[in-house]
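Welcome! Please take a look at the sequence and the 3D structure below, and then read on for a short tour.

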Amino acid sequence: MSDSKNMDSATRKTPTKWASPINLLIVIAVFVVIGMVALGANLFMDRSIVQTVQQQDEQLFPRLSDNRAAVSSIVIERSGDRLELTRQEDGQWGLANWDGYPVDESKIAGLIDSFAALHGAPASTEKITAANVPDLRNQNTATAVTIRDRGGNALADLLIGDTVATPGGAEINRTYVQPGGEERAWLSAREIAVPIDLPAWTTSIILDIGPDRITSARLRDANGNSLGIERQENMEHPFKPTGLPEGARVSEAWQLTRMAGALEKLQIVEARKANDATLPPDADKVEAEFETLDGLRVKLAMVQQNDVNWAEIKAEADSVGDAKQEADAINARTAGWHFRLPDFATEGLVATTDAVIDRTSPRPAAPATAPATPPGTEQQAPRQ
């Protein structure tokens with residue numbers, strides 16, 4: 001009887017021991033660790049793991065490496081946008097989208113060299129299944145790049161996807177790339193990106209003349225009205241108006257400073273050959289001329305068509321020196337081209353001068369009145 005009671009007592013004590021707070025905390029900690037391991041494993045499995053030893057990466061485009069000088073065109077496409085770079089007859093590279101407008105040659109050379117030296121490894125190992133490796137042909141955000149020679153033969157053809165960090169001693173950024181004809185992506189040996197925006201391939205800043213260099217400027221609007229500005233020293237506002245109509249004034253002095261700064265970091269949005277009909281007859285143009293302290297003169301002929309500002313840019317200088325060299329350099333970039341300019345840059349130029357000049361006439365003076373008759377004086381009757 002006593003033994004039976006002792007067994008019942010031991011049975012009742014056992015669950016109490018396992019249900020103690022310390023044991024519960026241990027159990028919870030075990031589950032947390034298991035969950036973290038599972039989550040980490042899942043994330044690890046979602047990433048394409050490759051061995052990051054350089055010697056095991058294969059050269060992706062050996063034909064391009066052997067024929068760099070034969071490259072004649074580069075086409076870049078993404079999400080419906082298309083950019084085409086072509087080698088012109090004179091050997092210089094141009095942007096086909098902009099009538100062959102010259103591009104930055106160093107950027108072209110850098111792109112060709114980077115693809116010629118591009119290595120990669122298949123984005124799969126025994127640790128993941130082929131289903132985990134992306135097929136970039138199904139991704140609308142992938143960038144397609146095709147590099148061809150003069151005969152139209154593809155020297156490099158690939159899709160570029162996302163960049164990921166792959167483990168392997170130290171994490172290395174690699175990019176999914178899928179050579180033409182491949183069924184699945186590879187991982188490049190290094191991160192790679194190709195811009196699709198057109199200005200990224202050109203010298204987008206066509207002029208950079210700050211207001212501190214301007215000594216005078218003149219604006220003629222489409223209605224034939226003129227406004228001039230002239231530098232004034234040791235004044236609150238650095239410029240004063242010239243040639244204002246009688247009784248007129250500038251509504252806001254800061255507008256003159258904005259006018260003087262129109263050529264500072266002036267960017268282009270698009271370029272077209274000047275042999276088209278971009279600009280209308282002279283009567284419809286807005287003209288602006290700027291002169292710097294050292295004698296450089298820059299002339300802009302502008303027009304707004306369909307809410308787009310187009311400009312013709314010319315430069316000149318009388319004396320031989322730095323100003324003349326700068327004028328020649330500007331004309332080398334702008335001669336034979338019309339440029340689409342951003343609205344914010346030309347806002348103070350394409351507007352009519354009425355936006356700057358207040359032509360409100362001053363209030364006329366009261367008409368003169370006849371002097372009053374002094375007291376004690378009698379008015380004489382007119383003679384008969």
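Let's start with Arg-213, which is partly exposed because its relative accessible area is 23%; here buried means under 20% relative accessible area, exposed over 50%, and partly exposed in between (1.4 Å probe, protein chains only). This is a predicted model, in which local features need pLDDT of at least 70 and side-chain atom pairs count only at pLDDT 80 or more, while totals for chains, interfaces and linings use all residues. Residues are numbered from 1 along each chain as its sequence is written, and side-chain values use heavy atoms, with hydrogens and water left out.

**Salt bridges**

- A search of the whole structure turns up 17 salt bridges, a salt bridge being a side-chain nitrogen of Lys or Arg within 4 Å of a carboxyl oxygen of Asp or Glu.
- Arg-213 is joined to Asp-294 by a salt bridge of 3.5 Å, N to O.
- Arg-213 sits in the loop between strand 11 (205-207) and strand 12 (214-220), and Asp-294 in the loop between strand 18 (286-292) and strand 19 (296-305), so this pair ties together parts that are 81 residues apart in sequence.
- Asp-294 has a relative accessible area of 39% and is therefore partly exposed.
- Glu-183 and Arg-137 also meet through their side chains in a salt bridge, at 3.1 Å from N to O.
- The loop between strand 9 (172-179) and strand 10 (186-188) holds Glu-183, and the loop between strand 6 (119-122) and strand 7 (143-149) holds Arg-137, so parts that are 46 residues apart in sequence are tied together.
- Glu-183 counts as exposed at 57% relative accessibility, while Arg-137 counts as partly exposed at 45%.
- In the salt bridge of Glu-270 with Arg-272, the closest N and O atoms are 2.9 Å apart.
- Glu-270 counts as buried at 15% relative accessibility, whereas Arg-272 counts as partly exposed at 24%.
- A network of salt bridges links Asp-99, Glu-270, Arg-272 and Arg-340.

**Aromatic rings**

- There are three aromatic pairs in the structure; rings of Phe, Tyr and Trp (its six-membered ring) pair if their centres lie within 6.5 Å, and planes under 30 degrees apart count as stacked, over 60 as edge-to-face and the rest as tilted.
- Trp-98 and Tyr-101 make a tilted pair, because their ring centres are 6.2 Å apart and their planes stand at 55°.
- Tyr-101 and Phe-339 have ring centres 5.8 Å apart and planes at 85°, so they are edge-to-face.
- This second pair links distant parts of the chain, with Tyr-101 in strand 5 (residues 101-102) and Phe-339 in strand 21 (residues 337-341), 238 residues apart; helices (H or I, at least four residues) and strands (E, at least two) are DSSP runs, numbered from the N terminus.
- Tyr-101 and Phe-339 are both buried, and Trp-98 is buried too.
- One aromatic cluster is formed by Trp-98, Tyr-101, Trp-337 and Phe-339.

**Helix 4**

- The 12 residues of helix 4 (residues 105-116) should span 16 Å at 1.5 Å a residue, which agrees with the 17 Å between its end C-alpha atoms; the expected span is 1.5 Å times one less than the number of residues.
- Buried residues of helix 4 are Ile-108, Leu-111, Ile-112, Ser-114, Phe-115 and Ala-116.

**Around Leu-266**

- Leu-266 belongs to strand 16 (residues 266-267) and is buried, with a relative accessible area of 2%.
- Leaving aside residues up to four places away in sequence, Leu-266 touches Ser-204, Ile-205, Ile-206, Leu-207, Leu-341 and Ala-345, where contact means heavy atoms within 4.5 Å.
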